[in-house]
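This briefing sets out selected features of the structure shown below.

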Amino acid sequence: MRDKGTMILAVLLIAVGGYLLLSQLNIGLPGWELIWPLLPVSAGIALLVGYISSEERDPEQVFFGTVATFVGLVFLAITLGPLTYSSLRDWWPVFVLIGGVAFLAQWAVAGFRDWDALFLALVALCIGGVSLAITLELLGPNTRETLPKLWPGALILAGLMALLRGLLGRSTE
């Protein structure tokens, strides 16, 4: 490929033009209100493919590609089912977990040396996991009342993660 930007624009124009043409011909396609999450999914995948195919690799590109892809997939699960927009009241911690997974992916592609990314991944995964357990009452019917009483455990966990970060060293910058 000579110019990746031109190729991406060409594929995007063909895809959008094809969708609009089929819509004009009244071919039963899902409406825009259902398929819009394919845009962030596509952008995320493009970022990840761009990272893989590029000689100048930026681990942050993997972070943003992972976030865009998974956030798009969550909204695709809302627009196509089984989730609904109102279910985000309980499922919001999934977005924190997505951030944790994205930082973990960034840490991995940075050669397992970006300790700041690992630290942020662990924090986000812990906060997201506990929050999801609370909102979905995964640990029993009284989870929303019981888990908040255990908040000092969050201080212990934060201390352990800070200790781990201090022992493992600095980021790759």
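At what angle do α7 and α9 pack, and how far apart are their axes? They pack at an angle of about 165°, with the axes 10 Å apart. The model is a predicted one, in which local features need pLDDT of at least 70 and side-chain atom pairs count only at pLDDT 80 or more, while totals for chains, interfaces and linings use all residues. Residues are numbered from 1 along each chain as its sequence is written, and side-chain values use heavy atoms, with hydrogens and water left out.

**Helix pair α7 and α9**

- The two helices are therefore roughly antiparallel to each other; this label applies to angles over 145 degrees, against under 35 for roughly parallel, 65 to 115 for roughly perpendicular and oblique for the rest.
- Axes are lines fitted to C-alpha atoms, for helices over the stretch in contact, and angles run from 0 to 180 degrees between N-to-C directions.
- Helices (H or I, at least four residues) and strands (E, at least two) are DSSP runs, numbered from the N terminus.
- The crossing of α7 and α9 is right-handed; that term means the near helix is turned clockwise from the far one by less than a right angle, and left-handed means anticlockwise.
- On the α7 side the contact (heavy atoms within 4.5 Å) is made by Trp115, Asp116, Leu118, Phe119, Leu122, Val123 and Cys126, and on the α9 side by Leu157, Met161, Ala162, Leu164, Arg165 and Leu168.
- By class, this contact has 11 nonpolar, no polar and two charged residues; Ala, Val, Leu, Ile, Met, Phe, Trp, Tyr, Cys and Pro count as nonpolar, Asp, Glu, Lys and Arg as charged, and the others, Gly among them, as polar.

**Cavity**

- There is one cavity of 30 Å³ or more, and the largest cavity has a volume of about 50 Å³.
- A cavity is a set of points, on a 1 Å grid over the protein atoms alone, where a 1.4 Å probe fits but cannot get out, and lining residues have an atom within 4 Å of a point.
- Grid points are joined across faces, edges and corners, and a volume is the space filled by probe spheres set on the points.
- The lining of the largest cavity consists of Trp115, Leu118, Phe119, Leu122, Met161, Leu164, Arg165 and Leu168.
- The elements giving two or more residues to this lining are α7 (115–135) and α9 (152–168).
- Seven of the lining residues are nonpolar, none is polar and one is charged.

- Helix α3 (residues 38–53) packs against helix α4 (residues 59–79) at an angle of about 155°, with their axes 7 Å apart, which makes α3 roughly antiparallel to α4.
- The crossing of α3 and α4 is left-handed.
- Residues making that contact include Leu38, Ile45 and Leu48 of α3 and Val62, Phe64 and Leu73 of α4; by class, the contact has 13 nonpolar, seven polar and no charged residues.
- Helix α6 (residues 93–109) and α4 pack at an angle of about 150°, with their axes 8 Å apart, which makes α4 roughly antiparallel to α6.
- The crossing of α4 and α6 is right-handed.
- Among the residues in contact are Phe63, Phe70 and Val74 of α4 and Phe95, Ile98 and Phe103 of α6; by class, there are 16 nonpolar, three polar and one charged.

- Most residues other than glycine have a negative phi, and most peptide bonds are trans.
- Asn26, which is not a glycine, has a positive phi of about 60° and lies in the loop between α1 and α2 (32–35).
- Gly81 and Pro82 are joined by a cis peptide bond with omega of about 10°; Pro82 is placed in the loop between α4 and α5 (88–91).
- Tyr19 lies in helix α1 (residues 4–24) and, leaving aside its neighbours within four places in sequence, is in contact with Leu29, Pro30, Gly31, Trp32 and Ile35.

Technical notes: On a 1 Å grid over the protein atoms alone, a cavity is a set of points where a 1.4 Å probe fits but cannot get out, and a pocket is an open set with protein on both sides within 12 Å along at least five of seven lines; lining residues have an atom within 4 Å of a point.
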